[in-house]
Amino acid sequence: MQAGFAFSKLADRLTSLVELTPDHLDLLADMPSSIAHFGAHQTILRHGDEATQCCLVLQGYLSWQNDESADGQITAICVPGDIANLQSLYRPRIEGNLTALGPAIVALVPHRFFRELAVRSPAMSHALLLILLADHAIQRNWTVNLGSRDALTRVAHLLCEITVRLQAVGLARDFRLSSPFTQSDVAAACSISPVHANRTIQELRRCNLLQWQGKTLTITDWPGLVRLAGFDPAYLNMRSGADHAQPPHARPVTADVAVA
């Protein structure tokens, strides 16, 4: 795993939110990082830890989990290109547990790099702020998802969001997604039981919106999934022109979401 890969993933995430010049992005080339590999369900940060590094997701998914929840409630999902704990720049104490959903690769970047980056470049400082604001917007939408949508719509909305977020960082451009989701993970993210999650996924199958075989989930009707979820990606705060899922009039496509 080369350091340049970490640079490119962060560049993709930043440019999905704001237009940056090559000179701005060149500042990321000096980013110091150590590459860490984590196994499925391995904890990266624990509640109460004092973070001195940011976790930049390179491959796989991470999740924030409520450490007080008996069912391992997932409160946020981090995809490649995300800085999972950017807020720790301002509040180092970790709230909740940061865990790998499946095998994951993370770049650990010292806080000092981002602090120095913000001083060197107002544009990059603004871009980092937009990441924080986007994270908060996603969190608010998750609250709406759990509070006002039924199980079928919750799961559909989660799949739509993950698809668009991956496309924003150069992944899933053809709706082929790689993910370690299990049905239990879906249940924990959507605040439903694993049995209910299984029934919900079966219903999405019956509606011919997706197929789920082993480690592959295929979205067979993306426009239909968007309509069912009532999904509007505006809350993701992506800039105009950033790569994102095609609008509902697009032809049906397939996607692979690997499920561990």
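User: How many of the eight residues of helix H8 are buried?

Analyst: This is a predicted model. In it, helix H8 covers residues 222-229 and is mostly covered. Trp222, Pro223, Gly224, Leu225, Val226 and Ala229 are the buried residues of H8. The count of buried residues, out of eight, is six.

User: Which elements do the buried residues of H8 pack against?

Analyst: Leu225 and Val226 are among the buried residues of H8. Packing here rests on contact, meaning heavy atoms within 4.5 Å. The partners of the buried residues are H5, H7 and strand S9 (216-219).

User: Is helix H6 largely enclosed or open, and how many of its eight residues are buried?

Analyst: Helix H6 spans residues 183-190. Its buried residues are Asp185, Val186, Ala187, Ala188, Ala189 and Cys190. H6 is largely enclosed by the rest of the structure, because the number of its eight residues that are buried is six.

User: What do the buried residues of H6 pack against?

Analyst: Ala187 and Ala188 are among the buried residues of H6. Their helix has both strands and helices as packing partners. The strands are S5 (74-78) and S8 (210-213). The helices are H4 (122-148), H5 (151-167) and H7 (194-206).

User: Which residue follows H6, and what is its phi?

Analyst: H6 ends at residue 190. The residue after H6 has a positive phi. That residue is Ser191, and its phi is near 55°.

User: Which residues line the largest cavity?

Analyst: The search of the whole structure finds three cavities of 30 Å³ or more. The largest cavity holds about 60 Å³ of space. H4, H5 and H6 each supply at least two residues of its lining. The lining residues are Asn141, Trp142, Asn145, His157, Leu158, Glu161, Ala189 and Cys190.

User: What is the volume of the largest pocket, and which residues are closest to its centre?

Analyst: The largest pocket has a volume of about 470 Å³. Its lining has 20 residues. The closest to its centre are Trp64, Ala76, Gln87, Asp135 and Gln139.

User: Which element gives the largest share of the lining of the largest pocket?

Analyst: Strand S4 (62-65), S5 and H4 each give two or more residues to this lining. By class, the lining divides into nine nonpolar, seven polar and four charged residues. The largest share is six residues, and it comes from H4.

User: How many disulfides does the rule count?

Analyst: The sulfur of Cys54 is too far from the closest cysteine sulfur for a bond. Cys54 is buried, at 1% relative accessibility. Cys160 is also buried, at 0%. The count of disulfides is zero.

User: Is Lys9 buried or exposed, and which residues does it touch?

Analyst: Lys9 lies in helix H1 (residues 3-15). Its relative accessible area is 6%, so Lys9 is buried. Leaving out residues up to four places away in sequence, Lys9 touches Val57, Leu58, Pro80, Gly81, Val169 and Leu171.

User: What is the relative accessibility of Arg115, and how does the residue count?

Analyst: Arg115 sits in helix H3 (residues 111-120). Buried means under 20% and exposed means over 50%. Arg115 falls in between at 42%, so it counts as partly exposed.

User: How far apart in space are Ala118 and Leu128, C-alpha to C-alpha?

Analyst: Ala118 is in helix H3. It is partly exposed, with a relative accessible area of 27%. Ala118 and Leu128 are ten residues apart in sequence. In space, their C-alpha atoms are apart by 8.1 Å.

Terms used: Residues are numbered from 1 along each chain as its sequence is written. This is a predicted model: local features need pLDDT of at least 70, side-chain atom pairs count only at pLDDT 80 or more; totals for chains, interfaces and linings use all residues. Side-chain values use heavy atoms; hydrogens and water are left out. Buried means under 20% relative accessible area, exposed over 50%, partly exposed in between (1.4 Å probe, protein chains only). Helices (H or I, at least four residues) and strands (E, at least two) are DSSP runs, numbered from the N terminus. On a 1 Å grid over the protein atoms alone, a cavity is a set of points where a 1.4 Å probe fits but cannot get out, and a pocket is an open set with protein on both sides within 12 Å along at least five of seven lines; lining residues have an atom within 4 Å of a point. Grid points are joined across faces, edges and corners, and a volume is the space filled by probe spheres set on the points. A disulfide is a pair of cysteine sulfur atoms within 2.5 Å. Ala, Val, Leu, Ile, Met, Phe, Trp, Tyr, Cys and Pro count as nonpolar, Asp, Glu, Lys and Arg as charged, and the others, Gly among them, as polar.
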